Amino acid sequence: MSSPPISSLPQGVAAASEIAELRFEQLFEDAAAMSIQGYLADGTVVYWNRASENIYGYSAAEAMGGNLLDLIIPDELRTRVAGAVRWMFENEQGIPPSRMNLRHKQGHLVPVYSSHTVVSIDGQAPVMFCMDTDMSVLAKAEEELRIAATAFDSQQGMLITDRLGVILRVNPSFTMTTGYTEAEAVGQSPRLLSSDRHPSEFWSAMWQSLHTVGSWQAEVWNKRKNGEIYADWVIINAVRDAQGEVTHFVGTLTDISQRKEAEGKIIRLAFYDALTNLPNRRLMQDRLHQAISASQRNGSCGALLCLDIDNFKILNDSVGHDIGDLLLQKVAQRLTENMRDCDTVARFGGDTFLVMLEDLGADPVLAAAKAELIAQKLLKVLRQPYPLPDQDYQGTVSMGITLLGAPEDSAETLIKRVELAMYQAKAAGRNTLRFFDSQMQAVVSARATLEISLRAAIAQEQLLLYYQAQVDQDGQVIGSEALVRWQDPRRGLVQPGEFIPLAEETGLILPLGLWVLETACHQLAQWAGQAELAHLTLAVNVSALQFHQDDFAEQVLAVLERTGAKAERLKLELTESLLVSNVEGVIAKMKLLKASGVGFALDDFGTGYSSLSYLKRLPLDQLKIDLGFVQNVLVDADDAAIAKMIIALADSLGLEVIAEGVETGAQLEYLAGLGCRHFQGYLFSQALPIQSFEALVRSN
Ligand code: C2E
Ligand code: MG
Ligand code: MG
């Protein structure tokens, strides 16, 4: 239903001409987008066109005679509107047009742009006309623009280009990440950011996707204005017009360099050793897998090397883990410096490193030779002194080598093999290398069993001491050296060479060494009660690891106390390996024991690393010329010279000297001629069980 014709407006509101009136009537009624309402001064509705029905929901019939304030004015505007209406009638003119939100019949607000005019014709009651344009569509569009503008100012860099890719706009985040201001970017192509890290196919795929799917996203290496290359996550969407033609492209860039950096850190943690920065066990296994398949593909051999620092545990336990760590870093550094870029150096754990050599050629024999050459070079490089804070460290490594080339070998098998080879190198006296061969497998599995049974042996007292005589120049037995044996129920009597190195590696040397000391001291105490044996001294071998225990001196004193042995009859045999670290600590312990009467001999003298300056400061009693020199004095001039020098050195330091391993009368004569006064060796006696040794002394 529509409003009454204007001609039916209250009396006096009459048109000049019928036609004009009809025209206006039509116009008012049909103005689809403009709501026109007429009100009397008290707000009574006298006109309500069709558009008003649409905008405010009241039909003309419902509205007519109703009151403006009740119909479409929200409560909070009532007073203001009432005031404005009053003002307009008083002044006979409309207030300026304005935007306001008026009320729909259903209660929601309708945004309108409202103009007013007061029509007063003489003799007639004035009428206020309101002409309201519905602004809902516009308001919505404005809101969307606001949202778009806010989105454009987001944290992500954004750029808008025309359909040819010319930049039209960029947002502040774009400027922040790329360094290009809007002025610098507009008019340019996004190639401005190109890092040249992506091949042209990458970009053609982008265009392809934009033209077909209308969007594309990818990780892109971009370049900032300052030249820095960084990673962006880029999303591009094509904007199409009503006809479906692409008009613009909108791109967002999310700087993911930090995320990538974090990812990188995680990868480092997972695959690299934190101390040395070398690949870790996991990464090495992975590379090994790859190398195995590569070597099968291209028929070229590779090699795996396993290096383990000799006596590292002693250094670590005696001078502390900080210094130990430092040494590991230096070893890692030397390894990487001396390898080709294509070789992989990894820290396999503890003081063990793996090195993988690739492309050593198709011939396994030649490949092995090349690997050995490289390994020898490494051995040499790694035994150069390491400058550590307190003193230089003279270290060596033992190395195992195995070839990769056989198709059936897995990474795990190769690692096991090369470790076995490395253990062989250790067993062969360290500072050397060994190739893996299949017989070695058996040896090493035996080694694992050995450790288990050695543990049991200590617990089940299967150890026993043998005694080897030490004589003076007249052949009189003046003492003996206690040498441990293992009476294994299955294998019989086992020599220390077969289990002492293992005991040192595993730490079993500590309980073993204490047992030896205790047993030896018991023996000394027993001899003390027998006239023909009371004068005998007893030398006990002490491993470096054992001596480096903090309470070693206290242990010895406690054993002496417990057993009642005389400290003056006990001689501890130390080796030069003890002196690779913490010399001050060693001296302090020696002095403490020395003060109680305990004597010291330096075993295997001349084979290890000694510095004369330390030698002078150690409270030693005796140097033991290593049997290697003794046995060669008559055949090797160098060894003779060394023996001679040791005797002279001992003399000048005021030390006794004893030659061990004397097997022939000629050796004895020669050494005696050089001034050596004490001897030990098969010429006089082998190491014997206690009864045989005592019998030997009694018959002497
Ligand atoms: P070592 O302390 O240098 O002992 C000397 C080794 O040379 C002994 O071997 C001895 O039997 C051997 N020997 C003595 N005279 C001759 C000779 O004329 N010719 C030859 N060819 N060899 C001779 P053994 O008993 O097999 O001991 C080997 C090594 O085991 C010892 O070398 C020592 O380093 C270690 N060891 C033995 N018992 C103990 C122990 O109770 N504790 C520790 N920590 N190490 C021990
Ligand atoms: Mg010895
Ligand atoms: Mg010796």
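This is a predicted model: local features need pLDDT of at least 70, side-chain atom pairs count only at pLDDT 80 or more; totals for chains, interfaces and linings use all residues.
Residues are numbered from 1 along each chain as its sequence is written, chains are lettered from A and ligands numbered from 1 in the order in which they are written, and side-chain values use heavy atoms, with hydrogens and water left out.

**View 1. The magnesium ion (ligand 2) and its protein donors.** Glu481 (OE), Asn541 (OD1), Glu573 (OE) and Asp603 (OD) are the protein donors of this ion, at 2.0 to 2.2 Å; donors here are N, O and S atoms within 2.8 Å of the metal (3.2 Å for Na, K and Ca), and since water is not among the atoms, sites may look incomplete. Along the chain these donors follow the spacing E-x59-N-x31-E-x29-D. Because glutamate 481 lies in strand β19 (residues 477-488) and asparagine 541 in strand β21 (residues 537-541), the pair ties together parts that are 60 residues apart in sequence; helices (H or I, at least four residues) and strands (E, at least two) are DSSP runs, numbered from the N terminus. Glutamate 481 is buried at 3% relative accessibility, whereas asparagine 541, at 28%, is partly exposed; buried means under 20% relative accessible area, exposed over 50%, and partly exposed in between (1.4 Å probe, protein chains only).

**View 2. The magnesium ion (ligand 3) and the bridging aspartate 603.** Asp603 (OD), Asp604 (OD) and Glu660 (OE) coordinate the magnesium ion (ligand 3) at 1.9 to 2.4 Å, and their spacing along the chain is D-D-x55-E. Aspartate 603 bridges this ion and the magnesium ion (ligand 2), the two lying 4.1 Å apart. Aspartate 604 belongs to strand β23 (residues 599-605) and glutamate 660 to strand β25 (residues 656-660), so the pair ties together parts that are 56 residues apart in sequence. Aspartate 604 is partly exposed, with a relative accessible area of 26%, while glutamate 660 counts as buried at 9% relative accessibility.

**View 3. An open sheet of five strands with antiparallel pairing.** The strand order is β7-β6-β10-β9-β8, where two strands pair if DSSP finds at least two bridges between them. At the edges stand β7 (167-170) and β8 (215-223), each with a single partner strand, so one side of each is left without a neighbour in the sheet. From one strand to the next the twist averages 25°; axes are lines fitted to C-alpha atoms, for helices over the stretch in contact, and angles run from 0 to 180 degrees between N-to-C directions. Nine bridges join β8 and strand β9 (residues 229-240) in the antiparallel sense, and asparagine 222 stands opposite tyrosine 230 in β9.

**View 4. Helices α9 and α10 against the sheet.** Helix α9 (residues 200-212) packs on the sheet and touches β8, β9 and β10 (246-255), with contact meaning heavy atoms within 4.5 Å. The direction of helix α9 makes about 150° with that of β8. Helix α10 (residues 257-271) lies across β8, β9 and β10, and runs at about 135° to β9.
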